[in-house]
Amino acid sequence: MDVLVFASRKGGSGKSTLSAHLAARVSQAGYRCLLIDADPQGSLALWHGLRGTGDPALRKSRSGISDILKVARRDEYKWALVDTPPNTSAAVVDAIRAATLVIIPARLTVFDLAAIRDTIEIAREYKKPYAVVINGAPALRDNTESQYVTEVREAIARLNVPIWSGQITNRAAYSLALESGEGVTEYDAASPASDEINRLWTAIEKSVKAIHGAYGGAGMHRVAA
Ligand SMILES: Nc1ncnc2c1ncn2[C@@H]1O[C@H](COP(=O)(O)OP(=O)(O)OP(=O)(O)O)[C@@H](O)[C@H]1O
Ligand SMILES: [Mg+2]
């Protein structure tokens, strides 16, 4: 079983959004997937309630996820996706310690970029592979990302921080789908939002395979030194 942990000290960066859309995508692919809501705000649990199908399964955790993961491994889940609160509490550290890959969503504000450092520090401390995913970005024009996104991307790369080459654009579809208990790949499979989630999922799958030794170890992530 592989564990994806969505973490960032910054509130509103997109942890719950990405974990819900990706969970729907993973489920659609037919994988056994467990969602763990480790955030007392309970955004993911709220979405799961709206969804009402019980698929993927969801567990709430307030004090560590290791027991939940132990049972999930025994039950032969292939993926566990963990949403965490916007802080660097013991619960977040516990989740990162259990991660195969840490996904750090970041919006393009100075505050978000400052906040990701704290989360990266934890991933580095526990030598966990991690990658930043740009969220809420301006839409591409003529298939080209905005100059601002390129500049932020370069600034992050200069800090020697791995970053996904794609972007999650600011789109109403991301919240509309969640309000109806779906992921965008279910809500409108032909939409640009669905395309972005598919691309992100492909990059995550590739990274996880690389973490397990495929592709000479190369993926969007980096194993923290
Ligand atoms: N790409 C996007 N396009 C449009 N709206 C978005 C996008 N990503 C997130 N949002 C919206 O931004 C808000 C914050 O997103 P989300 O709840 O996923 O962040 P979070 O990191 O989980 O926040 P918290 O730290 O408070 O748990 C939500 O209202 C969500 O619908
Ligand atoms: Mg959240």
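In E1, the side chains of Asp2, Leu4 and Phe6 point one way and those of Val3 and Val5 the other way, yet all are buried, where buried means under 20% relative accessible area with a 1.4 Å probe and protein chains only. Since five of the five residues of strand E1 (residues 2-6) are buried, the strand is largely enclosed by the rest of the structure. This is a predicted model, in which local features need pLDDT of at least 70, side-chain atom pairs count only at pLDDT 80 or more, and totals for chains, interfaces and linings use all residues. Residues are numbered from 1 along each chain as its sequence is written, and side-chain values use heavy atoms, with hydrogens and water left out.

As for its neighbours, E1 pairs with strand E4 (residues 79-83) in the parallel sense over five bridges, pairing requiring at least two DSSP bridges between two strands, and Val3 stands opposite Ala80 in E4. E1 also runs parallel to strand E5 (residues 101-106), joined by three bridges, with Leu101 of E5 as the bridge partner of Leu4.

Turning to the helices, H1 (residues 15-28) and H2 (residues 43-51) pack at an angle of about 40°, with their axes 9 Å apart, the axes being lines fitted to C-alpha atoms over the stretch in contact and the angles running from 0 to 180 degrees between N-to-C directions. The contact, meaning heavy atoms within 4.5 Å, is made by Ser16, Ser19, Ala20 and Ala24 of H1 and Ser43, Leu44, Trp47 and Arg51 of H2.

Definitions and conventions
Chains lettered and ligands numbered in written order. Helix = DSSP H or I, 4+ residues; strand = E, 2+ residues; numbered from the N terminus. Buried < 20%, exposed > 50% of the residue type's maximum accessible area, 1.4 Å probe, protein only.
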